[in-house]
Amino acid sequence: MLMSVIEGALSVPAYPELVGKRVLITGVTRRSGIDIARAFAERKGRIVLQFAETGAAMQAVAEIVVPDALDAKVLGPVGAGEAAAARLAKSAVQAFGGLDAVINLVPLDAAHLNPAATLVDVERLIATRLALPLMVSRIAANRMGVTWTQGMILNVATVTGRPSGARRAFASIAKAALVDMTRAQAEEWAGRGIRFNAVAPETVLAASGPRLTGEADVASLALYLASEHGSALSGCVFEAA
């Protein structure tokens, strides 16, 4: 089924039902999130962009994305901890009176690990990186539930670094954590029409056929999942190179 979903996402360019939708995209950097933000802006969504960086490059990103959106608000970097994540989520909810979709970008850098790191160290690093999207997702889903909004939350995890056996092993552990989190959230909120899906880092050599090969494809998938076409999908985890 997931392959047919990818085929559909990559072949259906227009989603008129997304006009005016309130979308939060967290963790945007100069290298990640621009295609996703532009995809929703070009379909006249009302967008909240949370930048993980500051500076002239991020100002340029805002100038590229914001003019195409029906409305837009830009938030800056977020500190560590649940309180900071809660403030981010509440600011995003208040921007347009609620949210219809949330896309959390989760960078995972194996280079931050000590060469002598244990499995516990790896799991702790991944849990730390997933803490912000987990908190944001909970607050956003709660707001969706209160306002009877049938929303969608998509967590997109990427592993940076050169291809290697260690990197692939790190990606496999990250994917397992993301699968557990996604399916638990999907089950918890299924009765209230709120869908949770994820994009995990690629962990196996790609087979032939439709696949997510970069952020442009992930952006197409995000549009598909936020649209009526993806309204029956929840608890799914896709892989992207």
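A pocket, as I use the word today, is an open set of grid points with protein on both sides within 12 Å along at least five of seven lines, and its lining residues are those with an atom within 4 Å of a point. With that in mind, let me turn to this structure, which is a predicted model.

The largest pocket is lined by 46 residues, and those nearest its centre are L105, V106, P107, L108 and R129. Among the elements that give two or more residues to this lining are the strands β1, β4, β5 and β6, together with the helices α4, α5, α6 and α7. The space inside comes to about 1,200 Å³, and the lining, sorted by class, holds 23 nonpolar, 14 polar and nine charged residues.

Stepping back to the whole protein, we find seven helices and seven strands, which follow one another along the sequence as α-β-α-β-α-β-α-β-α-β-α-β-α-β. The radius of gyration is 17 Å, close to the 18 Å that the globule rule gives for 241 residues, so the protein is as compact as a globular protein of that length. Buried residues account for 46% of the 241 residues, and of the contacts between residues at least 6 apart in sequence, 79% join residues at least 24 apart.

Finally, consider helix α3, residues 56-65, where M58, V61, A62 and V65 are buried. Seen down the helix axis, these buried residues fall within an arc of 100 degrees, and therefore they line one face of α3. They are covered by elements including β1, α2, β2 and β3, whereas the face turned away from the buried side carries the exposed residues A56 and E63.

Methods:
Residues are numbered from 1 along each chain as its sequence is written. This is a predicted model: local features need pLDDT of at least 70, side-chain atom pairs count only at pLDDT 80 or more; totals for chains, interfaces and linings use all residues. Side-chain values use heavy atoms; hydrogens and water are left out. On a 1 Å grid over the protein atoms alone, a cavity is a set of points where a 1.4 Å probe fits but cannot get out, and a pocket is an open set with protein on both sides within 12 Å along at least five of seven lines; lining residues have an atom within 4 Å of a point. Grid points are joined across faces, edges and corners, and a volume is the space filled by probe spheres set on the points. Helices (H or I, at least four residues) and strands (E, at least two) are DSSP runs, numbered from the N terminus. Ala, Val, Leu, Ile, Met, Phe, Trp, Tyr, Cys and Pro count as nonpolar, Asp, Glu, Lys and Arg as charged, and the others, Gly among them, as polar. Buried means under 20% relative accessible area, exposed over 50%, partly exposed in between (1.4 Å probe, protein chains only). The arc is that of the directions from the helix axis to the C-beta atoms. Contact means heavy atoms within 4.5 Å. The radius of gyration is taken over C-alpha atoms; the globule rule is 2.2 Å times the number of residues to the power 0.38.
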